[in-house]
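Please read it alongside the sequence and the coordinates.

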There are 2 protein chains.
Amino acid sequence: MYGLFGKMKAQPGKRDELLDIMLKSADDLRDFDGCYLYVISIAPDDPDGIWIFETWRDQEAHRGSLALESVQAVIAVARPLIAGFSDRVEFTPLGGKGLESYQ
Amino acid sequence: MYGLFGKMKAQPGKRDELLDIMLKSADDLRDFDGCYLYVISIAPDDPDGIWIFETWRDQEAHRGSLALESVQAVIAVARPLIAGFSDRVEFTPLGGKGLESYQ
């Protein structure tokens, strides 16, 4: 498995608009075969921050999702609202609650 | 919802032993009402590191889990294998793939 965690920072005042887009994007991924988890959170200490946690079958599945038309459309709409990315961590998920179907 | 992400560092050479214990602990949490996700990963760049991502109904559910006899037993067995904790992030999960049942 392949996992990612990191912060997406919205342009000042644009977090909620960006959140709507990201939550809809998560809906699009619901039926994507290689996407296991895609959790969107807000940062209590950063009014512009959005944390994203992702778990994929492998790195290829993650890369493949970026080529989806629906994901490309999300990226195009979201890009002007994004100030930057930080705190990115990559890891190898082994299991636990939420991954029972994939172990 | 309440979320946590952070690194647990094993004593040198003890990561795999600690991993076994943590994965069993995740099994114990499977039927715990307020635990939504509990994902255990390894860090490709740190042979002693274990990343843990958790999503709970609220902070009280997380605290409540620490009082479970099974979790207390895990903590007692794991403690001597743990060198420390770092990179802890707390957040508020809003939704996405893996949280459909809880939104």
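Two residues are taken to be in contact if their C-beta atoms, placed from the backbone, lie within 7 Å. In this predicted model, the contact takes 30 residues from chain A and 30 residues from chain B. On the side of chain B that touches chain A, at least two residues each come from strand 1 (2-10), helix 1 (15-29), strand 2 (35-42), strand 3 (49-56) and strand 4 of chain B, with strand 4 of chain B giving the most, nine residues. By class, that side of chain B has 20 nonpolar, seven polar and three charged residues.

Both chains contribute to a barrel, which eight strands close in the order 1(A)-3(A)-2(A)-4(B)-1(B)-3(B)-2(B)-4(A), with antiparallel pairing. From one strand to the next, the twist averages 35°. Helix 1 (residues 15-29) of chain A packs on the sheet, where it touches strand 1, strand 2 (35-42), strand 3 and strand 4 (82-97) of chain A as well as strand 4 (82-97) of chain B, and its direction makes about 85° with that of strand 4 of chain B.

Two of the antiparallel pairings are set out here, one within chain A and one between the chains.

| Strands | Bridges | One bridge pair |
|---|---|---|
| Strand 1 of chain A and strand 3 of chain A | Eight bridges | Lys9(A) with Gly49(A) |
| Strand 4 of chain A and strand 2 of chain B | Five bridges | Pro93(A) with Ser41(B) |

In general, strands of a sheet pair through backbone hydrogen bonds, either parallel or antiparallel.

Key: Residues are numbered from 1 along each chain as its sequence is written. Chains are lettered from A and ligands numbered from 1 in the order in which they are written. This is a predicted model: local features need pLDDT of at least 70, side-chain atom pairs count only at pLDDT 80 or more; totals for chains, interfaces and linings use all residues. Two strands pair if DSSP finds at least two bridges between them. Helices (H or I, at least four residues) and strands (E, at least two) are DSSP runs, numbered from the N terminus. Axes are lines fitted to C-alpha atoms, for helices over the stretch in contact, and angles run from 0 to 180 degrees between N-to-C directions. Ala, Val, Leu, Ile, Met, Phe, Trp, Tyr, Cys and Pro count as nonpolar, Asp, Glu, Lys and Arg as charged, and the others, Gly among them, as polar.
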